[in-house]
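Please report on how this chain is packed. Begin with the strand pairing, then move to the helices and the cores.

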Amino acid sequence: MATLCPIPQPPTFPFLGNITLVDLEVPLRSFFLLAEQYGEVYHLVLGGSEIVLHANFISIARQVSNDALYRKSFSRSLREGRLLAGDGLFTVDSDEPNWEIAHRILMPAFSEVRSMFPEMRDICSQMLLKWERFGTQLTFDPSDDYTRLTFDALALCSMSYRFNSFYERDMPDFTRRMSDFLTMSSRSGYRPAFAKLIPMYYKKEDQKNFKDAQHMTEVARKTIKQRREQPTEKPDLLNLMLEGKDPKTGAQLTEENIIFNLLTFLIAGHETTSGLLTFTTYYLLKNSACLQKSREELDEKLGPAEPTVDDLGKLLYLTAVLHELLRLWPTVPARSIVPKQDVELVGGDGDPSNPNKQTICDQEGPDYLPAHRYCASRPTCLGRRRRSLPS
Ligand code: HEM
């Protein structure tokens with residue numbers, strides 16, 4: 001017989017809810033600390049919304065990754081993101097028509113991502129050359145350069161645009177604005193509900209965010225204009241969006257939606273990848289045996305030749321290192337979802353027949369957990385080409 005339990009919740013403060021428990025610099029750390037105290041599933045009131053957190057990597061993640069039972073929820077930071085990325089793929093609701101249309105038009109391009117390898121290698125060699133010239137004496141923080149790397153590579157692959165970040169001392173204006181915008185959007189998700197009543201308090205922040213979004217939108221608009229005036233044959237994502245037709249409806253993407261998607265690729269692809277590279281560098285430097293093994297693999301499989309896209313598949317150890325880093329420090333550590341109907345979540349290892357499981361929480365309203373035991377993978381990152389469309 002299942003044990004049903006109410007969802008635990010730390011004490012709340014009037015108007016503030018549980019915001020005082022969250023370290024806004026690294027919210028993830030607070031969520032894990034709270035999980036140690038309250039268990040893998042607990043309830044928080046943040047930014048005026050009630051949310052249920054599932055701080056469990058495997059069993060609950062599997063249970064809530066079922067598209068048939070859960071749908072993407074529009075968290076406050078996602079809503080803020082719409083100011084910049086509108087109904088681009090990341091901030092569009094999967095019920096909105098542009099999600100399916102853009103998917104059908106863009107899927108073929110993401111299947112061809114291998115053909116963009118020379119562009120990625122080009123940008124990587126800019127970074128490596130810079131590091132080589134630093135010599136062995138200079139101490140530097142590689143994370144800034146990983147941001148440059150991923151931004152430049154994404155812009156080159158998606159719209160054949162060169163930010164040329166490695167030729168500037170400071171971060172390019174666009175990159176800095178995007179980073180500020182994303183930080184502010186994610187922070188605004190934690191603003192207390194009463195903040196809406198005192199908009200003046202956040203006026204400066206909001207105005208800056210609005211200006212940044214406007215600036216970035218203008219850059220994307222100009223890039224499209226330039227491409228229309230000087231067309232190229234290159235099968236980059238921009239061409240595909242400008243020329244592609246939805247095979248099902250024949251519809252084309254509007255200019256507004258193309259702008260949103262160009263900005264989306266930069267948002268979705270840059271921090272995720274640069275974060276992964278930063279964590280990988282940090283952990284390899286701390287684990288000299290793993291670093292040595294990675295080097296040996298590169299020497300053995302690549303030698304002095306320039307790497308090709310086919311070589312990547314040979315780097316089994318390095319691929320495992322990246323997977324391990326995504327497990328240790330996932331650069332997308334959380335997703336917001338809502339159940340489509342009442343469901344029941346199984347605690348512990350997720351196996352309802354295991355007598356050692358910790359809890360089963362049942363939903364009968366907002367104070368109880370949503371429902372069902374099930375597991376299916378729901379890969380969603382378009383960068384991985386695996387999210388499926390409804391037929
Ligand atoms: C380490 C690298 C990356 C990680 C960990 C990652 C992770 C994710 C995750 C977890 C989602 C799903 C979010 C949700 O369900 O709401 C997502 C969505 C998405 N990602 Fe990535 N991503 C990475 C790199 C990239 C790259 C390089 C691109 C290239 C453009 C990209 C484009 C996208 C897009 C467009 C979506 C939205 C897909 C949709 O809802 O249709 N990602 N990513």
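Strand S1 (residues 41-46) is largely enclosed by the rest of the structure, because 5 of its 6 residues are buried. Buried here requires 20 or more other C-beta atoms within 10 Å of a residue's own; 12 or fewer is exposed, in between is partly exposed, and C-beta atoms are placed from the backbone. Strands (E, at least two residues) and helices (H or I, at least four) are DSSP runs, numbered from the N terminus.

This is a predicted model, in which local features need pLDDT of at least 70, side-chain atom pairs count only at pLDDT 80 or more, and totals for chains, interfaces and linings use all residues. Residues are numbered from 1 along each chain as its sequence is written.

S1 runs antiparallel to strand S2 (residues 49-54), joined by 6 bridges. Pairing needs at least two DSSP bridges between the strands. His43 stands opposite Val52 in S2. The hairpin has 2 residues between its strands, and Gly47 takes a positive phi near 55 degrees.

Gly48 lies in the loop between S1 and S2. Gly48 is partly exposed, with 17 other C-beta atoms within 10 Å. Leaving out residues up to four places away in sequence, Gly48 touches Pro192 and Ala193. Contact means C-beta atoms, placed from the backbone, within 7 Å. The C-alpha atoms of Gly48 and Phe194 are 7.8 Å apart, though 146 residues separate them along the chain.

Next, the helix packing. H10 and helix H13 (residues 316-328) pack at about 105 degrees, with axes 10 Å apart. H10 is therefore roughly perpendicular to H13, a class covering 65 to 115 degrees. Axes are lines fitted to C-alpha atoms over the stretch in contact, and angles run from 0 to 180 degrees between N-to-C directions. Leu276, Phe279, Thr280 and Tyr283 in H10 meet Val321, Leu322, Leu325 and Leu326 in H13. These contact residues divide into 7 nonpolar, 1 polar and no charged.

The chain has two separate cores to note. A nonpolar core is a set of buried Ala, Val, Leu, Ile, Met, Phe, Trp, Tyr and Cys residues joined through C-beta atoms within 7 Å.

| Core | Size | Residues include |
|---|---|---|
| Largest core | 42 residues | Ala155, Leu237, Leu262, Leu263 and Leu266 |
| Second core | 13 residues | Val41, Ile60, Leu69 and Val346 |

Beyond its neighbours within four places in sequence, Leu263 is in contact with Leu84, Ala85, Gly88, Met216 and Ala220. Across the chain of 391 residues, 27% are buried.

Notes:
Two residues are in contact if their C-beta atoms, placed from the backbone, lie within 7 Å. Angles under 35 degrees count as roughly parallel, over 145 as roughly antiparallel, 65 to 115 as roughly perpendicular and the rest as oblique. Ala, Val, Leu, Ile, Met, Phe, Trp, Tyr, Cys and Pro count as nonpolar, Asp, Glu, Lys and Arg as charged, and the others, Gly among them, as polar.
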